[in-house]
Amino acid sequence: ELMKAASAEGVITQLGNQGHSFGSIRDFCEWIWAGAIGRVQTIHCGAAAVNSGLDQLPRLKEQHAVPDTLNWDVWLGPAPYRPYHPAHLPAAWRGWVPFGNGTVGDWVCHVIDPVFWALDLAAPKTIVAEVTDWDPMTQGDAFPKGDHITFEFPAKGRRGPVTPHWYSGTWPIPRPPEFTADDKDIGYGAAVLGDKGTIVYGSHGAGGVRLVPQSRMDEFQRPPQTIPRAKEHHADWLDAIRNHRPARTSLMGARSRKSPCWVSSRSSFPARSWSGTPPRCGSPTTPGQTSSSRRPRGRGRRCDVPPASFGMTAARSAFASPGHREAIK
């Protein structure tokens, strides 16, 4: 709806994906296009942030008065009603299923943007989400503390299929085999594996992008700069307004990079596969059933994602809890 309104009114939009305006993301794209690491096949990326309300679940039985400075009904928005609790806000809302999208929703646009641009990714064919130490029947109100999400992107144009792996929170990003003992683990960022080498970078526009090991970086001949360098992110938006051109990260331009977080953050409930156009539905509800079983590592949840329906509607239906699923059939 925001995109429709922006298009109808002809306004210039700019999202907060600041790294898309950095020079480092342009360096990364140019290196990939120049064949610095050959054909990219696998990406290991993620963020060490733990956006989870698990530890706060026992506190939800407490009763708290709504502060005079807060309109609780307005804050809840379309989410199912619940009593006010300070564990939900401010900022902590990211870790709660009715309000946020977990760590992947917080960080994916800042980490996966460079590979989306360089490899011309769009909608993945499938998504498999794995979690451990989390029971969706009794803890489904909160996101897990860690997850491993695997995307499968089909071949496109001159590139082959690509498989990015996303790691949130307590599920660490694997160390590239080219790392030495002096290399720090990747807490926020990615390792991009090609058939001729590996590039690593940090969050926000491929910050600190480099080939590994360092000897490869030392001998690397940087290709010519072919992508125009942008101004500072906010300055770019102002310049776009003055010159009536799209900003570097407009609503339309950022949609494909943000959509994976909507679907993947909703793919952590018990295994269920679907294909075709997903049904429309509202905010998910917390499961009412109880279970003492723990979901073992390795039992993933697979979603076959049709490009035409890849977005928030797919996100809601993919994530639907057993108690909510009947309502969206």
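Tutor: A search of the whole structure, a predicted model, finds 14 salt bridges. Side chains of opposite charge can pair when their charged atoms come close.

Start with Asp-236. Its partner is Arg-245, with the closest N and O atoms 2.8 Å apart. This pair belongs to a network: salt bridges with shared partners join Lys-231, Asp-236, Asp-239, Arg-245 and Arg-248. Asp-236 counts as buried because its relative accessible area is 1%, under the 20% cut-off.

Next, Asp-185 and Arg-175. Their side chains meet in a salt bridge at 2.7 Å, N to O. Both residues sit in the loop between strand E4 (163-169) and strand E5 (188-194), ten residues apart. Asp-185 has 53% relative accessibility, so it counts as exposed; the cut-off is over 50%. Arg-175 is partly exposed, at 37%.

Then Arg-59 and Glu-62. Their salt bridge spans 3.5 Å, N to O. Arg-59 is partly exposed, with 30% relative accessibility. Glu-62 is partly exposed too, with a relative accessible area of 34%.

Now a nonpolar part of the surface. Trp-237, Leu-238 and Ile-241 form a patch there, with about 250 Å² of accessible area together. Ile-241 lies in helix H7 (residues 233-243). Its relative accessible area is 36%, so Ile-241 counts as partly exposed.

Among the residues nearest its centre are Arg-158 and Arg-159.

Notes. Residues numbered from 1 in each chain as written. Predicted model: local features only at pLDDT ≥ 70, side-chain atom pairs only at ≥ 80, totals over all residues. Heavy atoms only, no water. 1 Å grid on protein atoms, 1.4 Å probe; cavity = no way out; pocket = protein on both sides within 12 Å on 5 of 7 lines; lining within 4 Å. Patch = residues over 30% accessible without salt bridge, like charges linked within 9 Å, V, L, I, M, F, W, Y side chains within 5 Å. Areas by Shrake-Rupley, 256 points an atom, 1.4 Å probe, with all protein chains shown as cover. Salt bridge = Lys/Arg side-chain N within 4 Å of Asp/Glu carboxyl O. Helix = DSSP H or I, 4+ residues; strand = E, 2+ residues; numbered from the N terminus. Buried < 20%, exposed > 50% of the residue type's maximum accessible area, 1.4 Å probe, protein only.
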